Structure formats: C-alpha cells, structure tokens
Amino acid sequence: MRKYRRSKKYYRYRRYAFVTIFVLAFLYASIKIIKYISIDKDYVLKINNEYIYKDEFLLYLYEQEDIFEEIGGVDIWETDFDGVAARDVAKNNAINSISILKSAVYQSENLGIYITEEDENTYKKEAVYLQESIKNEKNIEIPLDICEKFEKEKIIEQKVYDYITSSFVVDDKDFEKYFNDYIDKNKDKTKNINLDYIFIKNNESFDAKERANNIAKEVSFETDFDKFKEEPNIEVYKNIDLKNGIFEPNIEEKVYKLSEESVSNVIEGIDGFYIFKINEILNANIEEIENIVKEEYIKGKKAEIYTNETKNWLNNTKIEKNNEILANI
C-alpha cells in the first residue's frame with residue numbers, strides 16, 4: 001500500500017497557523033496585562049466590572065451622614081454600635097446602599113426600564129444642585145458628571161422599585177392589627193400639639209449652644225418668643241401644629257414627651273438648637289392618624305418586597321472592597 005505523504009505546502013501552512021495563534025495569544029495576554037497595569041488602584045469598591053472611586057462613594061457616604069444625624073443629632077458620631085464606631089457603620093451602610101442601587105441598575109434593562117428625556121432633564125438639574133450643596137456644606141467639589149451619574153441612577157432605582165412593588169395590595173385584616181398595635185405603642189402621637197419655638201442656628205458669629213442655654217434661662221411659658229426674632233441667626237416660629245416630618249425624628253420624639261403649657265430645655269439638632277413652648281395639646285383625629293399610619297405601613301410592606309428581590313440580585317453580584325482606601329475616608 002502506498003504511504004500518504006504530506007506536502008511541504010501543508011507544513012508551511014501549519015507553521016503559519018502556529019505563528020498566528022502564538023501572536024494572537026501574545027497580543028491577548030499583553031492587552032490583559034496593560035489593562036491591569038492601567039487600572040487606578042485608588043478605587044473604593046468594585047461591583048461586578050464597575051469601579052467606584054472616592055468622589056462617587058462620598059455622595060453615598062454624605063447621604064448616610066445626614067440619615068445618622070437626623071436620628072441622633074451631631075453627637076451620634078461619638079457613639080459606638082456594638083463596638084463599631086458610628087463612622088464605620090455609616091461607611092458600611094453606604095456600601096450596602098451602593099450595592100443595592102447598582103444591582104437594581106444592572107437589572108433595569110432586563111425589566112424594560114429606561115431613562116426618558118424628562119428624566120434626563122431632571123437628573124441634570126438635580127446634579128447641579130447637589131454639586132453646589134456639597135461644595136457649600138462640605139467644602140468639597142464633586143465633578144458634575146459624577147453628580148449626574150448619582151442622580152441618574154437614583155431615578156433608575158426608583159423606577160425599578162416602583163415596578164417591583166406595583167402589584168402590592170393592602171390586606172385589611174393585617175393592617176387593622178398593625179394599626180391597633182401602633183396605637184398601643186404610640187399613645188403620645190395620638191395628640192395634636194400646638195407650639196412656638198426658637199431656633200438658634202449654628203454659625204461663626206457666636207456660640208449657638210451657649211446662646212441657646214442663656215435664652216432658656218430667660219424664658220417661661222409667659223414669655224413672647226418674638227423678643228428674640230431680631231437677633232442674627234435666631235429664628236422664631238409661633239402657632240405651629242406639630243406634624244410628622246417637620247423636625248428631625250429625635251427632636252420630634254422629645255417634643256411629644258412635653259406637657260401642655262410648658263417650655264422645653266435646649267434640644268440639639270443637626271444645624272442648631274431648639275427651645276419649644278407647648279401651647280395646647282388636644283386629642284388627634286383618629287382617622288387622620290390612620291391615614292398617616294397606613295401610608296407608612298404600605299411603604300414598609302413595599303420595602304420588604306423590594307429587599308427580598310434585591311437579596312436575589314446581590315447573590316449574583318460580585319463586590320470587592322478596597323479596605324486600605326476605605327480606612328482613609
């Protein structure tokens with residue numbers, strides 16, 4: 001039998017193929033190496049293939065700082081939570097907030113959710129306001145494109161949230177039980193409170209806390225708070241009906257504890273100090289309370305649905321922290 005022999009042409013083609021494969025493999029490896037070398041190691045987080053740098057992370061951290069101070073005032077930063085410093089807890093909360101938002105943004109296209117022209121106009125306006133606010137309050141300038149990305153993704157997350165929770169329907173029996181429990185635990189909040197108050201704003205002209213303490217020594221229930229309204233950085237408000245959301249939660253809680261025809265001690269808030277005069281306390285309209293509580297109940301149920309959904313998304317999301325950079329923020 002005649003033995004088949006490969007031609008020289010065959011070996012030449014095979015050699016060219018090997019050279020081509022080697023060159024392509026070398027180029028691929030080179031590109032990977034160049035990409036790795038060119039990566040800025042100053043990122044704070046890496047979520048899937050997206051790098052989160054300091055400017056973007058700070059937007060979420062400042063958001064958490066506001067939440068913390070609304071709950072516990074500026075003194076909250078001296079507090080530990082189970083041995084963890086408040087600022088570290090705020091950083092961890094910011095990481096969680098970013099992770100949940102990014103997971104929603106990554107899912108938005110699959111859900112058929114997109115930014116409209118109206119949304120674009122909105123987030124661009126909000127970004128300018130955000131940039132100016134942070135510059136004024138924190139003396140830090142965040143690039144406008146980072147502020148725009150932040151506001152844009154907030155809109156996307158809200159759209160995803162609305163989509164996921166749109167099918168929720170209130171269970172009347174469940175709400176009735178919830179409302180009865182609420183009334184039992186929050187009897188103070190079944191009151192209508194009319195009040196006057198003085199607000200001494202933090203400023204560079206004088207020590208706001210000291211001035212607040214001096215005013216507190218001067219006033220009684222008979223004092224007309226208007227006597228202080230001409231002073232700089234002092235605001236006076238009279239005949240105000242206490243409603244949910246007017247004051248920071250920790251301040252609101254303290255006001256509800258005050259008695260009729262009394263004047264409070266100095267109460268510290270985020271931006272200054274308050275002194276309250278309680279003019280009148282009446283029983284609230286139970287139907288009005290029920291409507292307010294129902295809104296909160298619905299928000300809570302929807303948040304629960306959304307949280308369960310995002311847990312599934314986060315299971316498929318890779319999150320990498322740059323602990324060295326995080327420690328220095």
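**Exercise 1. Determine which residues Ile-142 contacts outside its sequence neighbourhood, and whether Ile-142 is buried or exposed.**

Step 1. Taking contact to mean heavy atoms within 4.5 Å, and leaving aside neighbours within four places in sequence, one finds Ile-142 in contact with Asp-55, Leu-58, Leu-59, Gln-131, Ile-134 and Cys-147.

Step 2. This is a predicted model, in which local features need pLDDT of at least 70 and side-chain atom pairs count only at pLDDT 80 or more, whereas totals for chains, interfaces and linings use all residues. Residues are numbered from 1 along each chain as its sequence is written, and side-chain values use heavy atoms, with hydrogens and water left out.

Step 3. Ile-142 lies in the loop between H4 and H5, where helices (H or I, at least four residues) and strands (E, at least two) are DSSP runs numbered from the N terminus. The residue counts as buried because its relative accessibility is 0%; buried means under 20% relative accessible area, exposed over 50%, and partly exposed in between, with a 1.4 Å probe and protein chains only.

Step 4. Among the contacts of Ile-142 is Leu-59, and these two residues are 83 residues apart in sequence but 8.4 Å apart in space, C-alpha to C-alpha.

**Exercise 2. Identify which residues touch the most other members of the largest nonpolar core, and which element gives the largest share.**

Step 1. A nonpolar core is a set of buried Ala, Val, Leu, Ile, Met, Phe, Trp, Tyr and Cys residues joined through side-chain atoms within 4.5 Å. The largest one has 38 residues, of which Phe-57 and Val-160 touch the most other members.

Step 2. At least two residues of this core come from each of strand S1 (45–47), H2, helix H3 (86–108), helix H4 (117–138), helix H5 (144–165), helix H9 (286–315) and helix H10 (323–327). H3 gives the largest share, nine residues.

Step 3. Apart from this core lies another, of 14 residues, including Leu-195, Tyr-256, Leu-258 and Tyr-274.

**Exercise 3. Work out which residues of helix H8 are buried, and which elements they pack against.**

Step 1. In helix H8 (residues 249–256), the buried residues are Asn-250, Ile-251, Glu-252, Val-255 and Tyr-256.

Step 2. These buried residues pack against helix H2 (54–72), strand S5 (191–201), strand S8 (267–268) and strand S9 (272–283).

**Exercise 4. Describe which residues lie closest to the centre of the largest pocket, and how its lining divides.**

Step 1. A pocket is found on a 1 Å grid over the protein atoms alone, as an open set of points where a 1.4 Å probe fits, with protein on both sides within 12 Å along at least five of seven lines; lining residues have an atom within 4 Å of a point. The volume, which is the space filled by probe spheres set on the points, is about 570 Å³ for the largest pocket.

Step 2. Of the 22 lining residues, Lys-189, Lys-243, Asn-244, Tyr-256 and Ile-292 are the closest to the centre.

Step 3. The largest share of the lining, five residues, comes from H9. The lining divides into 10 nonpolar, four polar and eight charged residues, with Ala, Val, Leu, Ile, Met, Phe, Trp, Tyr, Cys and Pro counted as nonpolar, Asp, Glu, Lys and Arg as charged, and the others, Gly among them, as polar.
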